[in-house]
Amino acid sequence: MNTKREYEIAFVGLKQGDHEFEYILEDSFFKERGSINQNEIQATVKLMLDKNNGFMILKFITGGKAEVNCDRCGNVLDANLWDEFNMVVKLATNPEEMNEQEEDPDIFYIARSESTLDVSSWLYEFVILSIPTQNVCGDDLNGESLCNKDVLKKLEEMNAISNIQTENTIWKGLEKFKDN
């Protein structure tokens, strides 16, 4: 199947009311669009489209898993994806102008002459936004960090060196006022 058309919805042929679509997005989908931060993403997106006269309401429900790196030690972790996003797509005679003027990012305009709606950029954006922004290994049952011990030790050493250097430079000029 042509990947461009795979993410297009021919809404003209749809009856008014609710319609449901499901997309399974593999790692290649994200790499084609330039995602380099995640090692591997396996996502499913359920799209519920409510077609009305002159507009459509789209609800994206994301789920799945993404391999991410621990922010502290760099270990590879599995992050669960889950989120919901809503979009309103309105038909307009001058969609470019309307999109430039629209302040709400959840409203998008397309030309009245359009017969399909390409949702690939929204699928990409919403799955990427579903990835947690903070990723840490966590703790074991004893409350000890599951992070790489060697990396944590090296970070402590670097922090101690940084503190010593900072102490010396901050107070260096104030020593001459000490005896006054």
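Author: Start with Phe60 and Trp122: both are buried. Keep in mind that this is a predicted model. The structure holds eight aromatic pairs. Phe60 and Trp122 make up one of them, with an edge-to-face geometry. Their ring centres lie 6.3 Å apart.

Now widen the view to the core. The largest nonpolar core has 36 residues. Phe60 and Trp122 are among the members that touch the most other members. Leu25, Leu58, Leu117, Val119 and Leu123 belong to that group too. Several elements each supply at least two residues of this core: β2 (17-25), α2 (27-32), β3 (40-52), β4, β5 and α4. β5 gives the most, with six residues. In soluble globular proteins, nonpolar side chains tend to be buried together.

Take Leu123 next. Ring pairs link Tyr7, Tyr23 and Phe29 with Phe30 and Tyr124.

β4 pairs with strand β5, residues 76-92, in the antiparallel sense. The pairing runs over 15 bridges. Asn69 has Val76 in β5 as its bridge partner. β4 and β5 form a hairpin, with six residues between them. Gly74 lies in the turn and has a positive phi of about 90 degrees.

β5 also pairs with strand β6, residues 107-111. Here the strands run parallel, joined by five bridges. Val88 has Ile107 in β6 as its bridge partner.

Gln134 is in the loop between α4 (120-130) and α5 (149-171). Is Gln134 buried or exposed? Gln134 counts as exposed because its relative accessibility is 61%, and the cut-off for exposed is over 50%. Phe60 and Trp122, by contrast, are buried. Gln134 and Val68 are 66 residues apart in sequence. In space, their C-alpha atoms are 9.8 Å apart.

How values were computed: Residues numbered from 1 in each chain as written. Predicted model: local features only at pLDDT ≥ 70, side-chain atom pairs only at ≥ 80, totals over all residues. Heavy atoms only, no water. Helix = DSSP H or I, 4+ residues; strand = E, 2+ residues; numbered from the N terminus. Buried < 20%, exposed > 50% of the residue type's maximum accessible area, 1.4 Å probe, protein only. Phe/Tyr/Trp six-rings, centres within 6.5 Å; stacked < 30°, edge-to-face > 60°. Pairing = 2+ DSSP bridges. Core = buried A, V, L, I, M, F, W, Y, C linked by side-chain atoms within 4.5 Å.
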